[in-house]
Amino acid sequence: MSSFSTSSATSNSKLPVREIPGDYGFPFFGAIKDRYDYFYNLGTDEFFLTKIQKYNSTVFRTNMPPGPFIAKNPKVIVLLDAKTFPVLFDNSKVEKKNVLDGTYMPSTDFYGGYRPCAYLDPYESTHATLKGFFLSLISKLHNQFIPLFRSSISGLFVNLENEISQNGKANFNNNSDIMSFDFVFRLLCDKTNPHDTNLGSNGPKLFDIWLLPQLAPLVSLGLKFVPNFLEDLMLHTFPLPFFLVRSNYQKLYDAFSKHAESTLNEAEKNGIKRDEACHNLVFLAGFNAYGGMKVLFPALIKWVANGGKSLHTRLANEIRTIIKEECGTITLSAINKMSLTKSVVYEVLRIEPAVPFQYGKAKEDILIQSHDSTFLIKKGEMMFGYQPFATKDPKIFDKPEEFIPERFMAEGENLLKYVYWSNARETDDPTVDNKQCAGKNLVVLLCRLMLVEFFMRYDTFTVESTKLFLGSSVTVKKVERAT
């Protein structure tokens, strides 16, 4: 773990020890009220902001969705500043068993009866086996990242330009989903084109259908013409059963089982049962990789578009100059020289992380420090961190609500330790002993590569965006080809 530790809050601290403010309301009904405020009355950000103001604290008690009948215990201690948030990375003090989705966990039926690696605590022996395999797999495939992604993204550009030509606008999200699935499947399945499998062109749709019942208790879909109380009853009161998506998941499992043969053979050599390895591979591909890209790539394009033509010109000049110096070849070495491009990607990960929530259960009594107080968290209590507040901490970042493209350039790189999108600091690296995203470095590379490909092809572009239950919906209105 990095320099900040819960142990830094000692009895010698000059910060006062304060009772954690807030409460959970009346049994059962308090959780429902908080859930309704969170989804409908206030919305996520306003829900937390209101409580910060009410309690004059970035640490407080509340209930988190989904609440009764789905969550065993909706009670959490909320951490909303950059200083307390990293306790969620300290696996010596925080348990990560079955907390990926927080106060509830979907049925293991969604994963073939297994608990995927993401739901395992590092102290469980299976975690090291599975994550070690994933890390070795990513390392083994590293030479394929750039050529496969470039192949997949070329189709994205063609589709965007055709849609704009025909309709005057193009849906970026749909085309990005197709590209993301194509890349992930080719990468994990020996470069097999998914269109040549039983999936055809349905891969993204099948993953979306599989993901929906797992995430539905945690989001508001904003269903039109459906009263809030009815949506709440349908999505947030009882878990949606696996049988609704069984046939869709089976098609995905069969495709990976057949076409990721060499990967699964390698898993067996590492002592992982083939069936368990395949279910974990589907989870890695669908929940971690495709699911993350589904939110992250539209956010990247939205924020860069909002930067305007001035930013686009600076990015295009940097990217084209460096690629020209590399004799026209896009390489990892060339991408690493692009300081503005790198900073832009980090700023997007800071301001709109793809996975905004983190959970962890205290393994022991813990003292934590915010900027102005010390708090005692008792063994067994669940902690919840909302990352967009932690990474917009005004005591760490200047103008935290603004998208500043060059924020992480030069001396700004010192702030990378406060970028937490990967379930750890950006300055940390994933290992078998932590819960940091195994593909953390790959995600950063793909975001940079998307900008490189974009500005090698276009001078500038404009978009419109609207907020979705997860991420943003982005419509491309205009692209200007590179001159």
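**Close-ups of a predicted model**

**View A. The crossing of α8 and α10 is right-handed.** This view, like the others here, comes from a predicted model. On the α8 side, the contact is made by Tyr-249, Leu-252, Tyr-253, Phe-256 and Ser-257. Across from them, α10 brings in Asp-275, Cys-278, His-279, Leu-281, Val-282 and Ala-285. Sort the residues of this contact by class and you get eight nonpolar, two polar and one charged. As for the geometry, α8 (residues 246–259) packs against α10 at an angle of about 110 degrees, and the two axes sit 10 Å apart. Angles of 65 to 115 degrees count as roughly perpendicular, so that's the label for α8 and α10.

**View B. Helices α5 and α6 pack with their axes 9 Å apart.** Here α5 covers residues 172–188 and α6 covers residues 203–215. The angle between them is about 95 degrees, which means α5 is roughly perpendicular to α6. Look for Asp-177, Ile-178 and Phe-181 in α5, where they meet Gly-203, Pro-204, Phe-207 and Asp-208 of α6. By class, this contact of α5 with α6 comes out as four nonpolar residues, one polar and two charged.

**View C. The second largest pocket has a volume of about 730 Å³.** It's lined by 31 residues, and the closest to the pocket centre are Thr-44, Tyr-386, Lys-467, Leu-468 and Phe-469. Which helices and strands each supply at least two residues of the lining? They are α1 (29–41), α2 (44–55), α10 (274–306) and β9 (458–467).

**View D. A cis peptide bond joins Pro-65 and Pro-66.** Omega for this bond is about 10 degrees. To find the spot, follow the chain out of β1 (59–63) and towards β2 (75–79): Pro-66 is in the loop between those two strands.

**View E. Phe-28 has a positive phi, though it isn't a glycine.** The phi value is about 70 degrees. Where does Phe-28 lie? Look in the segment before α1.

How values were computed. Residues numbered from 1 in each chain as written. Predicted model: local features only at pLDDT ≥ 70, side-chain atom pairs only at ≥ 80, totals over all residues. Heavy atoms only, no water. 1 Å grid on protein atoms, 1.4 Å probe; cavity = no way out; pocket = protein on both sides within 12 Å on 5 of 7 lines; lining within 4 Å. Points joined across faces, edges and corners; volume = space filled by probe spheres on them. Helix = DSSP H or I, 4+ residues; strand = E, 2+ residues; numbered from the N terminus. Axes fitted to C-alpha atoms, helices over the stretch in contact; angles between N-to-C directions. Parallel < 35°, antiparallel > 145°, perpendicular 65-115°, else oblique. Left-handed = near helix turned anticlockwise from the far one by under 90°. Contact = heavy atoms within 4.5 Å. Nonpolar A, V, L, I, M, F, W, Y, C, P; charged D, E, K, R; others polar.
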